[in-house]
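This report walks through a protein chain for a reader who is new to structures. Please look at the sequence and the model before reading on.

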Amino acid sequence: MSVPNLKIGLAGFGNVGAGVYKNIQKNQHLLRERTGREFVVSRIAVRDLNKTRSVEIPAELVTTDLNDLVHDPEIDLIVELIGGIDRAFDLVKASLENGKAVVTGNKALLAERGQELFAIAEEHGQPIYYEAAVAGGIPIIKTVQESLIGNHIQTMAGIINGTCNYILTRMTEEGLDYQTALGEAQELGYAEADPTLDVNGWDAAHKAIILASLSYGCWVRCDKIYVEGIENVHREDIAFAEKLGYSIKLLAIIQLHEKTGAIEVRVQPSLIAKEHILASVKGVFNAILVKGDVVGETLFYGSGAGQDPTSSSVIADIADATALIGSNTGSGFVTHGLYGKPAPIEESISKYYLRVEVEDRPGVLAQIAALLGELDVGILSLIQPEDHNEATAPVVLMLHYAPFGIVQTAIDRIGQLDCVCESPVLLRVEDLS
Ligand code: HSE
């Protein structure tokens, strides 16, 4: 029996775009049975017509002009995989205005300009789907939108950048230094050629902004969150953390302050107990721990990047769109007034790991302890190894629960002491309880 076609305009034929095309062909029959529509990629926009491709495409489908997709009345839906922000914004906007639903995997676009795009989507009664924008193949967006709809999301703690997790895993397991581990990640194709957004924390931050916005029904602004990358994590800190019973992970933390309704969103390299389930997430894998007031704790684990996992999410969005195309069902983002205020990072409380490289002479420790004491920051434990070089010595202090702002002030003051030889290293300790 013939079924109606779903005509797809695929914008971008890089790694993920090629995966979407390949996997639609591969599972064509299954998709038809499950959705009652024939998935037809009817136009593909590429940047370079002459590029050699690992997945072959019929020449008549290919164009370099995005307008050929946007203005084709036959096309039901546009898949945006061109990346970047401005050009992608224009494409998504024009698609919505032309009555086409949009599927995108573009986390930077949504984090930076999602609010504008969803308003346009609302106005034109066309949805935007974005499962592939967060954590590749892990179905976390639909989980929050659908499966956890009856929950207030209390916290999320995510390992949502595979490149950083790979680098930290190699530094932990093989004792590699940061540069060597980064070089390996690039050689294996995990990190981008320009890995800046991966290692400076902003790839994870864009994903965290989307998750927080979706969870709390308001757009969290990029300038209202706190982001630190892994560039300053030393293997020495990983070794000390290990001795103290912790692993270091780049964590995205999203937290609702229930008393005030404020939302805390931050990305930081953090110590977590070696026994915690997130500590066993290694290599390029991603995982997100979600706690809802009704469901309790849930954990989502899988591949956060890569051609097949990410195209699995894009195809799921296309399948969702088949059910909604033609019916006016909203934008894919529900705003509400329950939450909204960003929580000031200075007030966010945790324990801390602090390493200070100091001159090895009497009285040094007392000066550091005095500065911490003046600001009411308690010391939980302390290590100073005997086998250090003669002139300087590392002192590692575990600090008691304290507000981040106060601890930063203490660290600034400690950094100015004459006896301190390098900038102190401060990492948060997340108890994730
Ligand atoms: N570069 C990202 C990562 C995947 O390493 O997880 C795309 O966001």
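Is Ala135 buried or exposed? Ala135 is buried, because its relative accessible area is 1%; buried means under 20% relative accessible area, exposed over 50%, and partly exposed in between, with a 1.4 Å probe and protein chains only.

## About the model

This is a predicted model, in which local features need pLDDT of at least 70 and side-chain atom pairs count only at pLDDT 80 or more, while totals for chains, interfaces and linings use all residues. Residues are numbered from 1 along each chain as its sequence is written, and side-chain values use heavy atoms, with hydrogens and water left out.

## Two residues with positive phi

Most residues other than glycine have a negative phi. Ala135 has a positive phi, near 60°. Ala135 sits in the loop between strand E6 (128-129) and helix H6 (140-147). Helices (H or I, at least four residues) and strands (E, at least two) are DSSP runs, numbered from the N terminus.

Asp376 is not a glycine either, and its phi is positive, at about 65°. Asp376 belongs to the loop between helix H13 (364-374) and strand E14 (379-383). Asp376 counts as exposed because its relative accessibility is 69%.

## Nonpolar cores

In soluble globular proteins, nonpolar side chains tend to be buried together. The largest nonpolar core here has 87 residues. A nonpolar core is a set of buried Ala, Val, Leu, Ile, Met, Phe, Trp, Tyr and Cys residues joined through side-chain atoms within 4.5 Å. The residues with the most contacts inside the largest core are Ile128, Tyr130, Ile140, Ile167, Ile230, Leu271 and Tyr353. Helix H10 (residues 202-216) gives the most to this core, with 9 residues.

A second, separate core has 29 residues, among them Val20, Val62, Leu81 and Tyr129. Leaving aside residues up to four places away in sequence, Ile230 touches Cys164, Ile167, Leu168, Tyr178, Val199 and Leu250. Contact means heavy atoms within 4.5 Å.

## Helices H4 and H5

Two packed helices are described by the angle between their axes and the distance between the axes. The axes of helix H4 (residues 86-97) and H5 come within 9 Å and cross at roughly 15°. Axes are lines fitted to C-alpha atoms, for helices over the stretch in contact, and angles run from 0 to 180 degrees between N-to-C directions. H4 and H5 are therefore roughly parallel to each other; angles under 35 degrees count as roughly parallel, over 145 as roughly antiparallel, 65 to 115 as roughly perpendicular and the rest as oblique.

H4 passes H5 in a right-handed crossing. A crossing is left-handed if the near helix is turned anticlockwise from the far one by less than a right angle, and right-handed if clockwise. The contact residues of H4 include Phe89, Val92 and Leu96, and those of H5 include Leu117, Ile120 and His124. By class, the contact of H4 with H5 has 8 nonpolar, 1 polar and 5 charged residues. Here Ala, Val, Leu, Ile, Met, Phe, Trp, Tyr, Cys and Pro count as nonpolar, Asp, Glu, Lys and Arg as charged, and the others, Gly among them, as polar.

## Helices H5 and H10

How do H5 and H10 meet, and at roughly what angle do their axes cross? The axes of helix H5 (residues 107-124) and H10 come within 8 Å and cross at roughly 55°. That makes H5 oblique to H10, and H5 passes H10 in a left-handed crossing. On the H5 side the contact is made by Lys107, Ala108, Leu110, Ala111 and Glu112, and on the H10 side by Asp203, His206, Lys207, Ile209 and Ile210. These residues divide into 5 nonpolar, 1 polar and 4 charged.

Asp223 is found in the loop between H10 and strand E8 (226-227). At 52% relative accessibility, Asp223 counts as exposed. The C-alpha atoms of Asp223 and Glu112 are 9.9 Å apart, and the two residues are separated by 111 residues along the chain.

## Helices H7 and H11

The axes of helix H7 (residues 162-174) and helix H11 (residues 235-243) come within 9 Å and cross at roughly 65°. H7 and H11 are therefore roughly perpendicular to each other. In this contact, Leu168, Met171 and Thr172 of H7 meet Arg235, Ile238 and Glu242 of H11.
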